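Here are my notes on the model, point by point. Please read them with the structure open.

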Amino acid sequence: MAIKLVTFDALHTLITPRRPIYVQYSEVFAPLLGVLSPAALQRSFKATLKRMQKEEPAYQGQSGAQGWWSEVIKGTAIGAGADATAVEASLDQIVPKLLDRFSSREGYKLFDDTLPVLRQLGEMDVRTALVSNADARMRLVLTDLNISPFLQPLLLSEEVGVEKPDAGIFQRAFRDATLKTTVALNQGVHVGDELRCDYHGARAAGMQALLLRRPGVDGDGENKEAEEDLRNVKVVSSLWGVVEQVREQNAEY
C-alpha cells in the first residue's frame, strides 16, 4: 500500500528544547527562588508532568492549559526543594515567563533534519500533518520556527479534547488531511518518539507507524520507558529514515 500521508509528533520528533527544560526552568526560578539542583529539577519536572498527564489528560481540567502548566511549574519547583511559600508568592511572575519562553524559538529549535525532510516528502507528493499531545501554544512555536505550512492539519490535544493514544485524534487528522481524496487509513504512517502513544496508538487506529530513536544527545529527551520491548517495532534513527521507508514502500506501487 502506497504511503500518501505522514503524521508527526512534535516534541522530540520535529522540535527539541533549545536547552534542557530543567535548565530553562532553573534560569527563570533562580532570581526568585534561589539556585536549585539541576538533577532535582529534572526529576521533579518528570514526576510532576507525569502526574498531571494522568490527572488531567488533554488539559481538560477546569483551569485550562495555563492552569495546568502552572501546576506543573509549581510542583517542579517545590519538588526540587524550593520553599513552598516563596513559590506561591512568585508564581504570577514565573508562570508567564515560562509560558512565553516555550511559545517560541526562544524555548525550542528544529532538529537539523526536520525542514529538509518535510520539503522532501512534499516533493514526493506525500502530505504531512501534526498529531501532538501539546496545548495550543504549539501553533505559535511551529509558526515561529517556519514549519507550520508543511503540517496541515495541526491536531493538538488541547483543541480536540482527546490525546494520543486515543484512536480518535489520529483518525481526525487523517480525515482532515485527506478530505478531498480517497485514501485508506493504512496509507498513512505516524512518526513519534513514544512507544505507547505514538507507535501503538497509531497502529491501533489503523495507520502504519515508525518509532523514532535518535542516537546520542539528540535522543536524550525522547519518551523512553525502562525495559521497553521493541521487538517487531519499526524503528528509525532519524527523519531521513521516514523518507527511505516511504520511498521504498511507494516504489512497489
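1. Helix H2 passes helix H3 in a right-handed crossing. A crossing is right-handed if the near helix is turned clockwise from the far one by less than a right angle, and left-handed if anticlockwise. H2 covers residues 38-55 and H3 residues 64-79; their axes come within 8 Å and cross at roughly 145°. Axes here are lines fitted to C-alpha atoms, for helices over the stretch in contact, and angles run from 0 to 180 degrees between N-to-C directions.

2. Contact means heavy atoms within 4.5 Å. By class, the H2-H3 contact has seven nonpolar, six polar and one charged residues. Ala, Val, Leu, Ile, Met, Phe, Trp, Tyr, Cys and Pro count as nonpolar; Asp, Glu, Lys and Arg count as charged; the others, Gly among them, count as polar.

3. A word on the basis. This is a predicted model, in which local features need pLDDT of at least 70, side-chain atom pairs count only at pLDDT 80 or more, and totals for chains, interfaces and linings use all residues. Residues are numbered from 1 along each chain as its sequence is written, and side-chain values use heavy atoms, with hydrogens and water left out.

4. Now the sheet. It is open, has six strands and runs S5-S4-S1-S6-S7-S8, with parallel pairing. Its edge strands are S5 (154-156) and S8 (235-236), each of which pairs on one side only. Two strands pair if DSSP finds at least two bridges between them.

5. Strand S6 (residues 188-192) is mostly covered, with five of its five residues buried. Buried means under 20% relative accessible area, exposed over 50%, and partly exposed in between (1.4 Å probe, protein chains only). Gly-188, His-190 and Gly-192 point one way from S6, and Val-189 and Val-191 the other way. In a regular strand the side chains alternate between the two faces of the sheet.

6. S6 has two partners to check. Strand S1 (residues 5-8) pairs with S6 in the parallel sense over four bridges, and Thr-7 stands opposite His-190. Strand S7 (residues 208-212) also pairs with S6 in the parallel sense over four bridges. Here Val-191 stands opposite Leu-210, and Val-189 has Gln-208 as its bridge partner.

7. S6, helix H9 (residues 195-205) and S7 make a right-handed β-α-β unit. Right-handed here means that, with the strands pointing away from the viewer, the path from the first strand over the helix to the second runs clockwise. H9 lies across S6 and S7, at about 165° to S7.

8. S7 is largely enclosed by the rest of the structure, because five of its five residues are buried. Gln-208, Leu-210 and Leu-212 lie on one side, Ala-209 and Leu-211 on the other. S7 pairs with S8 in the parallel sense over two bridges. Leu-211 stands opposite Val-235 in S8.

9. Leu-154 is in S5. Is Leu-154 buried or exposed? Leu-154 is buried, with a relative accessible area of 8%. Leaving aside neighbours within four places in sequence, Leu-154 contacts Leu-130, Arg-139, Leu-142, Ser-148 and Glu-159.

10. Please inspect the backbone too. Most residues other than glycine have a negative phi, and most peptide bonds are trans. A cis peptide bond joins Gln-152 and Pro-153, with omega about 5°; Pro-153 lies in the loop between H6 and S5. Another cis peptide bond joins Lys-164 and Pro-165, with omega about 15°.

11. His-12 has a positive phi, near 70°. His-12 sits in the loop between S1 and strand S2 (15-17) and counts as buried at 14% relative accessibility. Asp-125 has a positive phi of about 65°. Asp-125 is in the loop between helix H5 (114-123) and S4, and counts as exposed at 64% relative accessibility.
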